[in-house]
Amino acid sequence: MNANENIYLPKPAVLDRVVDDIAEVKTFYWHFEDPEEQKKFRQFRPGQFAQVSLFGVGEFPASLPPSPTENETFFTIRQVGSCTEALHQLKPGAKFAVRGPYGNGFRMEDYHGQNLVFVAGGIGLIPLRSCIVYALANRDQFKRIQIFYGSKTPKELMYLPNLREWEQSDGVECHLTVDRTANGWNGHVGVVGSLFKKPGVDVPVHNTTAFVCGPPIMFRFVIKDLLAMGLPETRIVSTLERYMKCGVGKCGHCCIGVAYVCVDGPVFTYQQIQKLGEDI
Amino acid sequence: MKARIVARADVLKIVDLLRAQGYEVLAPFGGRGRDTCFDTVTDENRNAIQFHLANPYYPPKRFVLPPIERLFKIRKHNGTLQIEPTTKAPRRAFFGIRSCDVAGIAHLDRFYLGRDFRDNYYEQRRKNIFLVNLVCTDPERDIGDECFCLCADTGPAAREHFDLQLMDLGDEFMAVAGTPAGEALFADSIFKKGTEAHVEKRRVILAEVRKRFKNTTSWFPATVRYVSQGKILEKTWEEIGRRCLECGGCTYVCPACTCFTVSDRQSGPDEIERVRLWDSCALAGFTRMAGGHNPRRAVHDRRNRRFFRKLAHYFIQRELSVACVGCGRCAAVCHGDIGMPSVVEMIRRATAETEKIPPQPA
């Protein structure tokens with residue numbers, strides 16, 4: 001990178017359209033005003049993140065759900081704090097600013113020739129969506145691809161059009177579950193880990209990488225299940241989230257144990273997570 | 001490194017030389033007791049500059065890393081966003097900066113300018129700074145009750161990172177140049193050639209000063225080892241945490257603390273400024289995320305954090321520099337008496353207990 005570059009300088013972006021996802025979650029399609037910036041940003045890897053600026057409110061880190069193989073750039077954001085609330089109020093055509101991409105991301109080349117198992121809970125599907133779409137776009141590079149995704153209720157299943165598409169696709173085994181059933185749901189009921197034991201499901205253990213992302217409680221149990229099935233700690237990867245101000249390893253907020261999540265992560269293997277020296 | 005001798009009566013002429021070169025010179029001034037501070041030298045106060053006094057509570061860090069610094073101005077105009085970076089990098093010289101604080105600035109250099117991303121706000125300001133280090137030689141006035149630079153290996157005489165170093169030899173000062181910019185000053189006639197006797201005098205004074213420290217905390221290196229190996233028991237951190245009042249004072253007086261937060265504020269109609277402010281890992285909101293989840297909720301987790309960040313071998317290796325310079329300020333300001341020297345002592349006691357080797361049967 002350019003030594004004189006201002007590492008905190010966000011670049012102006014325009015909001016193109018907003019699509020509702022589940023309650024309190026929307027997807028924001030946007031592009032940089034400067035086509036050169038857009039081109040540079042498009043070099044991102046699955047699993048990286050960006051810093052989103054709402055001037056007058058602040059800046060927040062957001063995962064990048066699109067795959068580099070897709071043409072559009074977008075964020076999927078839950079309204080949870082002051083910045084995300086300000087973003088949720090923007091109308092198409094509004095200006096905000098973005099800088100990035102940051103973080104290590106998933107190096108998908110490393111998983112070529114392997115089975116991929118994606119395990120997500122709730123909005124944990126947002127960062128994994130990028131990998132899934134990437135893997136399906138490069139389908140011949142990978143062996144089996146499995147998706148295990150769960151939410152609290154059927155209404156809280158994210159990216160429904162994508163899920164339907166993946167369920168019907170031949171190249172991927174997609175299993176959904178909900179914690180609590182509701183009218184019209186005839187699928188599986190139970191925590192995400194219960195999908196591993198569903199009749200007809202077999203999770204390959206050899207030559208497999210598992211991508212896990214979800215709320216802490218789900219994370220703990222899924223990791224236990226995967227380890228019990230015989231997956232090595234180095235083959236379980238996850239992406240962590242932290243309060244962040246800079247995204248470039250300077251502000252100090254996201255440091256967990258020995259790692260700065262923003263520059264050393266957000267993607268870590270389970271083995272690395274255990275060696276951080278602090279609870280995630 | 002080249003050295004010269006300056007007569008006591010001439011030593012403040014170095015300040016004049018720097019001011020003539022366009023530097024804003026910051027020097028230590030004394031009030032009552034420990035009430036000392038760095039302030040801008042003017043024609044009026046120039047003769048009140050003190051050489052031997054308690055090191056000010058606030059390290060000169062704030063002149064390289066301001067407590068509040070504007071990063072950009074953002075103007076909203078006719079539906080467009082104009083983002084204009086703002087940098088201020090005045091030419092400044094620190095006259096009489098102590099060796100610990102020189103090490104503090106060297107640590108900030110490693111941190112902000114190292115690794116993949118360079119902080120160009122810091123870089124531009126730092127480029128314009130000239131450091132005149134003063135060696136601590138007066139055991140009564142220079143060396144405080146909490147100083148432990150001997151142990152952190154940063155003092156009493158810095159070995160590097162200064163432009164010019166001064167040491168009081170009595171009637172004269174020895175000046176050592178650390179950079180070409182420092183050496184350029186030697187062109188002035190106040191700098192005279194020294195003799196072997198001057199070098200010997202410097203050695204004798206330093207050897208004597210080293211013996212006069214009140215607080216050496218010689219377990220500092222061992223503590224680095226214990227922290228790095230994860231040998232410190234949770235109950236020791238809890239004991240330390242119980243004494244923390246969560247005021248953040250230790251981080252604000254620390255010459256090597258780097259954390260900041262960023263905040264937007266309205267600065268005019270249609271104009272917003274984005275500023276960064278010093279932040280502190282002692283404060284409960286430091287790791288609190290939107291929605292309220294806080295991975296570091298317990299006080300002792302936050303205290304653990306500060307000492308882990310400063311002492312873990314991993315970070316020392318990462319920056320090739322220790323984030324503790326032995327100035328002792330955290331010990332001087334902490335109401336709960338958990339400054340670095342006390343923490344080192346608490347860890348020593350707790351570890352000595354757990355590591356006790358049972359007597360072997362004869």
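Reply: The term pLDDT is the predictor's confidence in each residue, from 0 to 100. Helices (H or I, at least four residues) and strands (E, at least two) are DSSP runs, numbered from the N terminus. This is a predicted model, in which local features need pLDDT of at least 70 and side-chain atom pairs count only at pLDDT 80 or more, while totals for chains, interfaces and linings use all residues. Residues are numbered from 1 along each chain as its sequence is written, and chains are lettered from A and ligands numbered from 1 in the order in which they are written.

Me: In chain B, where is confidence lowest and where is it highest?

Reply: Where pLDDT is low, the predicted coordinates should not be read in detail. In chain B, helix H11 (residues 299-311) has the lowest confidence, a mean of 82, and strand E7 (residues 129-134) the highest, at 97. Chain B has a mean pLDDT of 90, with 98% of its residues at 70 or more.

Me: Which domains does the domain assignment of chain A give?

Reply: Domain bounds come from an automatic or database domain assignment. For chain A, the assignment gives domain 1 (11-102) and domain 2 (108-239). Their C-alpha centres lie 25 Å apart. Residues are in contact if their C-beta atoms, placed from the backbone, lie within 7 Å; the contact takes 15 residues from domain 1 of chain A and 15 residues from domain 2 of chain A.

Me: What values of ipTM and pTM does the predictor give the complex?

Reply: The complex receives an ipTM of 0.89 and a pTM of 0.92 from the predictor.

Notes. Contact = placed C-beta atoms within 7 Å.
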